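Visitor: I am new to this structure and would be grateful for a close look at a single part of it. Please begin with one place along the backbone and lead on from there to the spaces and the ligand.

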Amino acid sequence: MKDPILEHAPALASPMVPQPIMIRRAIWETDDTFTLTLDMNDWKGDYAFLPGQFNMVYVHGLGEVAVSISSDPGKRSTLEHTIHRVGLVTTALAQKKKGDYVGLRGPFGSSWPVDVARGKDVCIVSGGIGLAPLRPIIYTMLHHRSDYGRIIVMYGGRSPLDLLYRVELEKWDNNHDIETLVTVDRGDTSWKGYIGVVTTLFNYIKLEARDTIAYVCGPELMMRYTVDELVTRGLPPEQVYLSMERNMKCAIGFCGHCQMGPTFICKEGPVYQLPRIRPLMDKKEL
Ligand SMILES: Cc1cc2nc3c(=O)[nH]c(=O)nc-3n(C[C@H](O)[C@H](O)[C@H](O)COP(=O)(O)OP(=O)(O)OC[C@H]3O[C@@H](n4cnc5c(N)ncnc54)[C@H](O)[C@@H]3O)c2cc1C
């Protein structure tokens, strides 16, 4: 049977109309998080994204969700989304398999500024699903490894079984001169790594603060503690970037669902320089 989403295929690319895209691969990363590899060969028009940008992913008849792009921006024929199953749409996406279709529109939003880190050290701090939007920066920097100084990746998860991209993390550490520090809130008998929240990892590295650019993504509480730790360690706030998340609908700055005070996260964000967003993070119910 023809997938219902194909019946609604748009004649032309439009930022408001999802295009039908086939799933080439669906794999589980953890018990509740999976990665969909999408076949972009059928995309009408040009598709290119920058690290940190997101798409709106549509399940026919159910709705759309914002999902960061977690793959290598250098790869044009496929696109990856790593998705945490939390509610209606993400549960429906979790049931999709190879050959099924989803609707896609994007890419949207601001991106991690990669060029500002040339010649400098890089500190990437992530928690939980927050590693997904940061993975494209890692790929981008690996394509030009010698342009950067130290690359430090700090990653925290709830337990060893909740960690994303474990094989890749090891590979980056072993083959690409990336200092990878991984911690979990609760270890198990097999876990030989760090235990504690992600900010405890700062005790095991020394940053050349003035020469480091930091990129942070994870739960908002984790980001608050992390950016405060970075600034306390001497990083100028303008050298710290973070990605914000709010419930999103239109993704192009019309509907206001993702408004956070004076900013629409879908348009000005999701990636912000710290001085712009830090005062808003302290305001209740924004
Ligand atoms: C820019 C951006 C990038 C994102 N990237 C990813 C990603 O890479 N992977 C991923 O798994 N998720 C990502 N998300 C979050 C994702 O959009 C939500 O988890 C999703 O919308 C939930 O939809 P649902 O229909 O499954 O859940 P619903 O049934 O809508 O809700 C389930 C629960 O999640 C809450 N919720 C829904 N949306 C959000 C949200 N955006 N922020 C906070 N709480 C929310 C609801 O209040 C409810 O408690 C991103 C969100 C944004 C704004």
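**From one loop outward**

Guide: Tyrosine 165 is found in the loop between strand E8 (151–157) and helix H4; helices (H or I, at least four residues) and strands (E, at least two) are DSSP runs, numbered from the N terminus. This is a predicted model, in which local features need pLDDT of at least 70, side-chain atom pairs count only at pLDDT 80 or more, and totals for chains, interfaces and linings use all residues. Residues are numbered from 1 along each chain as its sequence is written, and side-chain values use heavy atoms, with hydrogens and water left out.

Although tyrosine 165 is not a glycine, its phi is positive, about 50 degrees. Most residues other than glycine have a negative phi, and most peptide bonds are trans. Two peptide bonds in this model are cis: the one from glycine 106 to proline 107, with omega near 0 degrees, and the one joining glycine 269 and proline 270, with omega about 10 degrees. Proline 107 has its place in strand E6 (residues 101–108), whereas proline 270 lies in the loop between strand E14 (263–264) and strand E15 (271–273).

A pocket is an open set of points on a 1 Å grid over the protein atoms alone, with protein on both sides within 12 Å along at least five of seven lines; a cavity is a set where a 1.4 Å probe fits but cannot get out, and lining residues have an atom within 4 Å of a point. Of the 17 residues that line this pocket, Lys75, Glu80, Arg135, Tyr139 and Glu168 lie nearest its centre. Two or more lining residues come from each of strand E1 (19–28), helix H3 (131–143) and helix H4 (166–175), and H3 supplies the largest share, 4 residues. The lining divides into 5 nonpolar, 4 polar and 8 charged residues; Asp, Glu, Lys and Arg count as charged, Ala, Val, Leu, Ile, Met, Phe, Trp, Tyr, Cys and Pro as nonpolar, and the others as polar. Domain 1 (4–108) and domain 2 (115–281) each give at least three residues to this lining, the bounds coming from an automatic or database domain assignment.

Lys75 also lines the largest cavity, together with Met40, Tyr47, Ala48, Phe49, Pro73, Arg76, Thr78 and Leu79. That cavity contains about 40 Å³ of space, and its lining consists of 6 nonpolar, 1 polar and 2 charged residues.

The ligand is surrounded by 19 residues, the closest being Ala66, Thr82, His84, Val89 and Thr90; a residue belongs to this shell if one of its heavy atoms lies within 4 Å of the ligand. Among the polar contacts (N or O atoms within 3.5 Å), a ligand oxygen is 2.9 Å from a polar backbone atom of valine 89. Ligand nitrogen atoms lie 3.0 Å from a backbone N or O atom of serine 68 and 3.3 Å from a polar backbone atom of arginine 246. Taken alone, the ligand exposes 870 Å², of which the protein buries 70%, by the Shrake-Rupley method with a 1.4 Å probe. Strand E4 (63–68), strand E5 (78–84) and helix H2 (88–94) each give two or more residues to the shell, with the largest share, 4 residues, from E4. The shell divides into 11 nonpolar, 6 polar and 2 charged residues, and at least three come from each of domain 1 and domain 2.

Methods: Points joined across faces, edges and corners; volume = space filled by probe spheres on them. Polar contact = N/O pair within 3.5 Å; in protein donor to acceptor, adjacent residues only side chain to side chain.
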